[in-house]
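Trainee: I am new to this one. Please take me through the pockets and their linings, slowly enough that I can follow along.

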Amino acid sequence: MTDSITCETGITPTVMTFFSDCTVYDLIDAVAGVKVLSVLEWMMKKRISPGKCLIMGSYLTGAKLADCLSEKSRVTVVDINPQTHFLLGDRVRVAGCIEEVSDERWDMIVDTTGFGGTDPKSLLKLRTPDVFIVENPCSDGSGDALKKINHSRKLLETMNAPAGGLLHSGGLNSKTSGTMTIAIEILRRSMEDALSMDGVLYAAASMEFYERILFKEKNPEKFVKSLKKNAFTVSSVNSVDCNDIITNNLGRLKSEVIDFGGGKNKGVLSF
């Protein structure tokens, strides 16, 4: 996020239009970065330094984590959606299904597939690693219907690795912890914040159903192009710093990895 204020005159010179320099793509990358940093900090605290990692899921969080871990570890990502593989860096090996990697020994496995992703039965195809982390798809705004289909705890119990952790993200009362969901929630809150300011006529955010472009149309180029638009625009007679509003809301996002070591701390997970 930059500190500059980008603007132009509106319908008349009295009214100005203010833009964020931050694009939707930048915001998504920042959200994923908060999550990945929490994983890296947990690994550092636990003195975990895996030689060989398997990431399940190559979408936004999985891709960002794979890219960071690949600086020091051999990383493989398994995902059945080939249209998401473009998000992965050159250092990352890609597998199209869990059977391709089921015979290998992994020091650390991280599941980022969320709702409808990895199921306990599929997980049993893999050898138990030293470290297993699951991203909790629920967040502080998740309702009963979402909590009911959350299999995070079951996945941790099934793998029963010597060291385990639950990656949890919250602070924005978003419906899920998905990177796209959180980014859209930040934009929605940013509009609300702008509308509460004196002098603001209206606020608009770049919002499309981006995931349909990638998962239904299967068009990665269109997906990226649609994300590289100014994330947030405000019409106002007073100066508005769109970047500052987005940054403040991004700052509310908190991610942490909760210990689930060898099943010893099962009781601390309340879901």
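Mentor: Start with residue classes: Ala, Val, Leu, Ile, Met, Phe, Trp, Tyr, Cys and Pro count as nonpolar, Asp, Glu, Lys and Arg as charged, and the others, Gly among them, as polar. This is a predicted model, where local features need pLDDT of at least 70 and side-chain atom pairs pLDDT 80 or more, while totals for chains, interfaces and linings use all residues. Residues are numbered from 1 along each chain as its sequence is written, and side-chain values use heavy atoms, with hydrogens and water left out.

Now the pockets. On a 1 Å grid over the protein atoms alone, a pocket is an open set of points where a 1.4 Å probe fits, with protein on both sides within 12 Å along at least five of seven lines; lining residues have an atom within 4 Å of a point. Points join across faces, edges and corners, and a volume is the space filled by probe spheres set on them.

The largest pocket holds about 1000 Å³. Its lining has 39 residues, with T112, T113, G114, F115 and G117 closest to the centre. Helices here are DSSP runs (H or I, at least four residues), numbered from the N terminus. α2 (60-69), α6 (179-195) and α7 (210-215) each give two or more residues to this lining. α6 gives the most, four. By class, the lining has 14 nonpolar, 18 polar and seven charged residues.

The second largest pocket has a volume of about 360 Å³. It is lined by 14 residues, and L40, M43, I48, L69 and K72 are closest to its centre. α1 (24-46) and α2 supply at least two residues each. α1 gives the most, with five. This lining has eight nonpolar, two polar and four charged residues.

Go back to α6. It has 17 residues and reaches 25 Å from first C-alpha to last, close to the 24 Å expected (1.5 Å times one less than its number of residues). Buried means under 20% relative accessible area with a 1.4 Å probe, protein chains only. The buried residues of α6 include M180, I182, E185, R189 and A194. T179 lies in this helix too. T179 is buried because its relative accessible area is 4%. Leaving out residues up to four places away in sequence, T179 touches I28, V31, A32, K35, L60 and T61, where contact means heavy atoms within 4.5 Å.

Notes. Buried means under 20% relative accessible area, exposed over 50%, partly exposed in between (1.4 Å probe, protein chains only).
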